[in-house]
Amino acid sequence: MSFLRRWLKPETSSRIGLRPHRTVELACGYDDAYARVLEAIEVTLGANVYVDDKKGRTIEAGFGLVNNERVRVSFDQADAAATNVRIEAFFPAGAKVPERSAAVDALYDALMRSNPV
């Protein structure tokens, strides 16, 4: 039994599968939300958009360096006047995943500022 415990390493695997992420509900339709996120990625983050899949409801952006953090944004339309936006950070395999991401937080803040109340 101790072999299994050492092999699974429970003390080091408590954060497996967890990535820094934030969710925001924008008070606009899907098309407007998509355009706002694209603009915020380019203006606020200065990131390069690698995946711009409007039909698939996904945007993925990175910062130009090999093995650097990437940001993935997915959309879920709550109704005609509201869209849920999930912002998630991705890191290369084997990288230590931090609890927070400055890119995720900056994009979230930019979207909150542009969100009509």
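Which residues do ring pairs link into a cluster? They are Tyr-30, Tyr-34 and Phe-75. Before going further, please note that this is a predicted model, in which local features need pLDDT of at least 70 and side-chain atom pairs count only at pLDDT 80 or more, while totals for chains, interfaces and linings use all residues. Residues are numbered from 1 along each chain as its sequence is written, and side-chain values use heavy atoms, with hydrogens and water left out.

**The overall layout**

The protein has three helices and five strands. Here helices (H or I, at least four residues) and strands (E, at least two) are DSSP runs, numbered from the N terminus. Read from the N terminus on, the elements follow the order α-β-α-β-β-β-β-α. Of the 117 residues, 32% count as buried. Buried means under 20% relative accessible area, exposed means over 50%, and partly exposed lies in between (1.4 Å probe, protein chains only).

**Aromatic rings**

Now back to the rings. Rings of Phe, Tyr and Trp (its six-membered ring) pair if their centres lie within 6.5 Å; planes under 30 degrees apart count as stacked, over 60 as edge-to-face and the rest as tilted. By this rule there are three aromatic pairs. One of them is formed by Tyr-34 and Phe-75, a tilted pair with 5.2 Å from centre to centre and 35° between the planes. This pair links distant parts of the chain, with Tyr-34 in helix H2 and Phe-75 in strand E4 (residues 70-79), 41 residues apart. Both Tyr-34 and Phe-75 are buried.

**Salt bridges**

Side chains of opposite charge can pair when their charged atoms come close. A salt bridge is counted when a side-chain nitrogen of Lys or Arg is within 4 Å of a carboxyl oxygen of Asp or Glu. The structure holds seven salt bridges, and the table shows some of them.

| Salt bridge | N to O distance |
|---|---|
| Asp-105 and Arg-22 | 2.9 Å |
| Arg-100 and Asp-105 | 3.0 Å |
| Arg-86 and Glu-88 | 3.7 Å |

Asp-105 takes part in a bridge with Arg-22 and in another with Arg-100. The bridge to Arg-22 joins distant parts of the chain: Asp-105 is in helix H3 (residues 102-114) and Arg-22 is in strand E1 (residues 21-26), 83 residues apart. Asp-105 is buried because its relative accessible area is 16%. Arg-22, at 24% relative accessibility, counts as partly exposed, whereas Arg-100, at 55%, counts as exposed.

Arg-86 and Glu-88 belong to a network of salt bridges together with Arg-19. Glu-88 has 14% relative accessibility and therefore counts as buried, while Arg-86, at 31%, counts as partly exposed.

Finally, visit Arg-57 in the loop between E2 and strand E3 (58-62). Arg-57 has a positive phi of about 60° although it is not a glycine. With 29% relative accessibility, Arg-57 counts as partly exposed.
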